[in-house]
Amino acid sequence: MWNGFIGFFGTKNLTEADRFYVGALGLKLYKDQGVCRIYQVPGGGMVGFCQHMDVTVSGKSPILTFLTDDVDGMYQELVKAGYHPEHSPKVNEKFNIYHFFTRDPSGYMVEIQKFLD
């Protein structure tokens, strides 16, 4: 029945969003609609950023979580690209995950995570 999923978020700067999601995270641009850019997430789904939408951030909400088996490698890539994760990768026993958090250029919380079970 479903053909996919796109989560849309506001941004003030598409170029900076592109630098983070393509340049640092390695996502592929699926479609550039002028005021919106949509990126493919490996494994399924898409995430889009639009200049005509408000940036809505409150503390850790929302969280965009990307799953990978190479959490440590992604941490190193982000640091090398000039981003400043909030902490180095660590185990979260409550959720049985290995992860870290960083912020994208719009201020959204981005989690890089691996399930441990």
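Student: Before we start, what are the ground rules?
Tutor: It's a predicted model, so local features need pLDDT of at least 70, side-chain atom pairs count only at pLDDT 80 or more, and totals for chains, interfaces and linings use all residues. Residues are numbered from 1 along each chain as its sequence is written, and side-chain values use heavy atoms, with hydrogens and water left out.

Student: Which pattern does the chain follow along the sequence?
Tutor: Helices (H or I, at least four residues) and strands (E, at least two) are DSSP runs, numbered from the N terminus. The chain has two helices and eight strands. Read in sequence order, the pattern is β-α-β-β-β-β-α-β-β-β.

Student: Which residues does L25 contact, leaving aside neighbours within four places in sequence?
Tutor: Contact means heavy atoms within 4.5 Å. With those neighbours set aside, the list for L25 is F20, F66, M74, L78 and I112.

Student: Which strands stand at the edges of the sheet?
Tutor: Two strands pair if DSSP finds at least two bridges between them. Four strands form an open sheet with mixed pairing, in the order β5-β8-β7-β6. Each edge strand has a single partner, so one side of it is left without a neighbour in the sheet; these are β5 and β6 (90-92).

Student: Which residue in β7 does V91 stand opposite?
Tutor: β6 and β7 run antiparallel, joined by three bridges. In β7, the residue opposite V91 is Y98.

Student: Is H99 buried or exposed, and which side chain does it join in a polar contact?
Tutor: H99 lies in strand β7. Its relative accessible area is 4%, so H99 is buried. A polar contact is a pair of N or O atoms within 3.5 Å; within protein, one must be able to donate a hydrogen and the other to accept it, and residues adjacent in sequence count only if both atoms are side-chain atoms. At 2.8 Å, the side chain joined to that of H99 is E111.

Terms used:
Buried < 20%, exposed > 50% of the residue type's maximum accessible area, 1.4 Å probe, protein only.
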